[in-house]
Amino acid sequence: MISEDLLKIIACPETKQDLVIAETDIIEKINTLIENGELLNRSKKKVTEKIDGGLIQKDDQKYLYPIREDIPILLIDESIPLENVR
């Protein structure tokens, strides 16, 4: 997973907010939506690859940045809106 040292230096690419590791239940919900073909990322493209984890903006918690193979994907268009996940 993401090391604490890395977590201290990375930030949301859009808002520059600190990021926190997403709870397991959120990751499970997201992966269920992906499996069912029901999840769109921020650029409105269907997400087809399950995620191993995620990073959420610490303050407003509007978007999740996916983690795949221990690599955080910190691209704004690849972020996942959380409004319909929770």
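Student: Where does Ser43 lie?

Tutor: Ser43 sits in the loop between helix 2 (24–35) and strand 2 (53–57); helices (H or I, at least four residues) and strands (E, at least two) are DSSP runs, numbered from the N terminus. A note on the background: this is a predicted model, where local features need pLDDT of at least 70, side-chain atom pairs count only at pLDDT 80 or more, and totals for chains, interfaces and linings use all residues. Residues are numbered from 1 along each chain as its sequence is written, and side-chain values use heavy atoms, with hydrogens and water left out.

Student: Why is Ser43 called partly exposed?

Tutor: Partly exposed falls between buried (under 20% relative accessible area) and exposed (over 50%), with a 1.4 Å probe and protein chains only. Ser43 has 27% relative accessibility, so Ser43 counts as partly exposed.

Student: And why is Arg68 called buried?

Tutor: Its relative accessible area is 15%, so by that cut-off Arg68 is buried. Arg68 belongs to strand 3 (residues 63–68).

Student: Which residues is Arg68 in contact with, leaving aside neighbours within four places in sequence?

Tutor: Val47, Glu49, Lys50, Ile51, Asp52 and Ile73, where contact means heavy atoms within 4.5 Å.
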